[in-house]
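Work through the exercises below with the model open. Each task is followed by a stepwise solution.

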Amino acid sequence: IRSIVSRPDGGSALAGRKARVGGWVKTGRKADKDAFAFLELNDGSCAANLQVIVEASLGDLGQIVPTGTCVVVDGHLKLPPAGTKQKIELRADEVLHVGPVDPAKYPLPKMRLTLEFLRDFVHLRSRTNTISAVARIRNALAYATHTFFNREGFLYVHTPIITTSDCEGAGEMFQVTTLLSEAESLAKVEERSKLKPGIPKKDDGKVDYGKDFFARQAFLTVSGQLQVESYACALTSVYTFGPTFRAENSHTSRHLAEFWMVEPEIAFAELKDDMNCAEAYVKFMCQWLLDNCLDDMEFMADKFDKGCINRLKLVASTPFIRVTYTEAVEILEEAVKNGKKFENEVKWGIDLASEHERYLTEVKFQKPVIVYNYPKEIKAFYMRLNDDLKTVAAMDVLVPKVGELIGGSQREERYDVIQTRIKEMGLPLEPYEWYLDLRRYGTVKHAGFGLGFERMILFATGLENIRDVIPFPRYPGRADL
Ligand code: 4AD
Ligand code: MG
């Protein structure tokens, strides 16, 4: 349908041509004393529908008009009567397929359904205008991501989903186990250790079988960063883009238990290079949507957020503000002095709450803000310690509507310093030994960041809830389908 209607002329130049079209009925009605059915057909290729006219002689019209019915027809394209909005319609010559719907039972009747209601029908909600527009925008942003990084000379690296490393050191990991019994697991591990010695030993010298398949506790990754660092420290400019998992008890509209992250990592780079890369990447995505997804963006603007297209334009064209954490706290303290009320106390050392992030991006600057040089206490062990010994070379990109879109840093490349930091933070050294090897052998300054892909879609579309921008959202209480 896109190839017919999404042309500059709206498809009118195709009048007279034959076409085969399949899609799902958005709205259907019988007309002219049941001599015809008029169907608004959508196949998800674009936001627009194609009007299809079916004569009664071609089939049971009562069966094809209900919303949700799948219809495939052969027909010819013709100009609609003057005064109609559409530029082209299809007159059916033959009905090739009908996938019927019982309107009494179909869960998504023709009426305005809330996004909240649709979350109980994630397997069908892709039929709706909104969710299909989000799917196309999501796809476009993924394509933009690969285009941007490949144009900039980055190599796409597939990092693992299952890992024993806790990248953020926050213990928010889902454990991976098998359905094998303990005895079966042990037998397998025993078998493997005969073939390949070196299964890790516990302090008491006994083999640490753990209970499962991997011979030690394995988890779903919270971030591909540590692994992608090992590729950056060999291939220089790399990125990973994949699902990541967090077992945080997050009942917010900004958190998922399973979300996708884009994580570039650059060797021979410092914090400033990292910020430049993040800014260029976000700008590129905004411009990409304006250039490639305008019809879907117009739909979102119309239905949810009038400002979303202007926001993309603004972000694509104006420099981001950059302030240190200390300056950000001063700005917030100034606001408090002037009567602004925050629920969370503002003082040096706090982790910025989302109300603070929104104040900076929506009230104070009204554009994206990069906050850098955070107190070391509130950031991860791998971030490079600054000369003041109080802050680390971290940066967060904050955007209006969403708050934190990106978290990144220059990495600590000094072996002694990072080893001390790991210990200081109360983390065990052993699981990070391989990571320390990157500093033991041929260490180099490097930096990277992670962009929450769903947060980017929220920012672009103006939707309010992150559960609506991933096809099958996972959050506390929900992992089915
Ligand atoms: O700030 P975070 O935790 O940073 C990291 O994971 C680093 N290892 C990234 C790196 O430097 N390579 O997460 C990065 C981003 C956040 O800024 C946020 O946009 C998103 O990931 N994010 C989430 N998105 C949805 N649901 C959650 N539970 C999220 N947690 C983080
Ligand atoms: Mg963060």
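For the first exercise, a residue is near a molecule if its C-beta atom, placed from the backbone, lies within 6 Å of it. The model is predicted.

**Exercise 1. Describe the shell around ligand 1: how many residues surround ligand 1, and which are the closest?**

Solution. 
1. Applying the 6 Å cut-off, ligand 1 is surrounded by 23 residues.
2. The closest are Ser-223, Gln-225, Gly-407, Gly-450 and Gly-452.
3. Sorted by element, two or more residues of the shell come from each of β11 (258-267), β15 (403-410), β16 (446-452) and α14.
4. Strand β15 contributes the most, namely five residues.
5. Sorted by residue class, the shell holds seven nonpolar, nine polar and seven charged residues.

**Exercise 2. Determine which residues of helix α9 are buried and why they line one face of the helix.**

Solution. 
1. Helix α9 covers residues 308-317, and its buried residues are Cys-308, Arg-311, Leu-312 and Val-315.
2. Looking down the axis of α9, these buried residues lie within an arc of 100 degrees, so they line one face of the helix.
3. The face turned away from the buried side carries Asn-310 and Ser-317, which are exposed.
4. The packing partners of the buried residues are α7 (271-292), α8 (294-303) and α14 (453-461).

**Exercise 3. Classify Val-417 as buried, partly exposed or exposed, and list its contacts beyond four places in sequence.**

Solution. 
1. Val-417 belongs to helix α12, residues 415-424.
2. A residue is buried with 20 or more other C-beta atoms within 10 Å, and exposed with 12 or fewer.
3. Val-417 has 13 C-beta neighbours inside 10 Å, and therefore counts as partly exposed.
4. Once neighbours within four places in sequence are set aside, Val-417 contacts Leu-385 and Glu-412.
5. Tyr-382 is 35 residues away from Val-417 along the chain, and their C-alpha atoms are 9.7 Å apart.

**Exercise 4. Summarise the chain and the predictor's scores.**

Solution. 
1. The chain has 481 residues, of which 39% are buried.
2. Its secondary structure comprises 14 helices and 16 strands.
3. Along the principal axes, the C-alpha atoms fill a box of roughly 85 × 65 × 40 Å.
4. Of the contacts with a separation of 6 or more, 69% join residues 24 or more positions apart.
5. The average pLDDT is 93, and 95% of the residues score at least 70.
6. For the complex, the predictor gives an ipTM of 0.99 and a pTM of 0.94.

Notes. Residues are numbered from 1 along each chain as its sequence is written. Chains are lettered from A and ligands numbered from 1 in the order in which they are written. This is a predicted model: local features need pLDDT of at least 70, side-chain atom pairs count only at pLDDT 80 or more; totals for chains, interfaces and linings use all residues. Helices (H or I, at least four residues) and strands (E, at least two) are DSSP runs, numbered from the N terminus. The arc is that of the directions from the helix axis to the C-beta atoms. Two residues are in contact if their C-beta atoms, placed from the backbone, lie within 7 Å. Ala, Val, Leu, Ile, Met, Phe, Trp, Tyr, Cys and Pro count as nonpolar, Asp, Glu, Lys and Arg as charged, and the others, Gly among them, as polar. pLDDT is the predictor's confidence in each residue, from 0 to 100.
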